[in-house]
Amino acid sequence: MDRITAARVFVTIVERGSMIAAAERLEMSRAMVTRYLAQMEEWAGARLLHRTTRRLSLTDAGERTLLLSRKMLAVAEAIDTVEQRPNDEIRGLLRITCSQSLGQTALAGAVTQYLKHHPLVAVDLQMNNRTVNLVEERIDLALRITNELDPNLIARPLSTCASVVCASPEYLAARGTPLLPEDLSDHNCLTYSWFGKSLWHFDHRGEKSAVAVSGNLSANESVVLLAGTLQGAGISLQPYYSAAPLLAKGELVEILPNYTPQAMGIYGIYTSRKQMPATLRSMLDFLVEWFATDERWLATLRRA
């Protein structure tokens, strides 16, 4: 972790009197503040703060570390940094993570366009649908599709993900076609491991409902469920951007077209506004514009 940032976090905790107040002052998540403090204590080889339910106070090691941290920050402020040279701002490596389906459908194309505009940037794109610890795995940006944001992280809205309930013609011929959401309880539904505890939410003419579904296959990646759906394994709730080409070719059939599945937000997740590198900021700005203007992506938002 960056020692200058860690020193700034430590000094702010002392000056503000709490980690929550420091997080607000630095526009940083509480989890990040806690990690920076832990790293400072590891570097110092001693506990720096006495923690009680009411207040924080410095240990002897904390007093010495506070003095050194303030000196370090004073020196850092006196140095001209790379950030002061505008021509050199947009450069370096960005590590980005997202789901396989979103990476294949959207992000690969978006990142390719971004790199044409910023040839001094390199992107390491990690396809991973589990919740990643951004600090421990050195991830600069995570793209997540969710309606339940972690309050300890910073999230920038990028777009909306529409969904569709679908099955193969073979499955429907053998098992019949559900006409109402509650009919899904009698079918083999392929479920997303982290999605709403197997509750599928719908909107019908302004009335919201939820139905509990179950089946013999679950996964934490929608691409796996899509493959199973194509093979006739059951019914699945898919991102419309993944299912649309297969629906158009008749390989999948939309179910319950008059009941709109709950849309989800697409967010860019990162750790701090205060210390955001110029390259990360430029990528976020680019993605906001890309999701709002790319014609192929906009075609997937018919239900959003």
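Reader: Where is N188 found, between which two elements?
Author: Keep in mind that this model is predicted. Helix α6 covers 169-175 and strand β8 covers 189-192. N188 is found in the loop between α6 and β8.

Reader: Is N188 buried or exposed?
Author: Buried means under 20% relative accessible area. N188 has a relative accessible area of 14%, so N188 is buried.

Reader: With which side chain does the side chain of N188 make a polar contact?
Author: Leaving aside residues up to four places away in sequence, N188 touches Y171, R175, S214, G215, N216, A233, G234 and I235. The polar contact, at 2.9 Å, joins the side chain of N188 to the side chain of N216.

Reader: Nice! How do α1 and α3 lie to each other: roughly parallel or roughly perpendicular?
Author: Helix α1 (residues 3-16) packs against helix α3 (residues 30-44) with the axes 9 Å apart and an angle of about 105°. Angles of 65 to 115 degrees count as roughly perpendicular. Therefore α1 and α3 are roughly perpendicular.

Reader: How many nonpolar residues does the contact of α1 with α3 have?
Author: From α1, R3, T5, A6, A7, V9, F10 and I13 meet V33, Y36, L37, M40 and W43 of α3. By class, that contact has 1 charged, 1 polar and 10 nonpolar residues.

Reader: And how many of the 9 residues of α8 are buried?
Author: The buried residues in α8 are Y240, Y241, S242, A243, A244, L246 and L247. Helix α8 (residues 240-248) is largely enclosed by the rest of the structure, because the buried count among its 9 residues is 7.

Terms used
Residues numbered from 1 in each chain as written. Predicted model: local features only at pLDDT ≥ 70, side-chain atom pairs only at ≥ 80, totals over all residues. Heavy atoms only, no water. Buried < 20%, exposed > 50% of the residue type's maximum accessible area, 1.4 Å probe, protein only. Helix = DSSP H or I, 4+ residues; strand = E, 2+ residues; numbered from the N terminus. Axes fitted to C-alpha atoms, helices over the stretch in contact; angles between N-to-C directions. Parallel < 35°, antiparallel > 145°, perpendicular 65-115°, else oblique. Contact = heavy atoms within 4.5 Å. Nonpolar A, V, L, I, M, F, W, Y, C, P; charged D, E, K, R; others polar. Polar contact = N/O pair within 3.5 Å; in protein donor to acceptor, adjacent residues only side chain to side chain.
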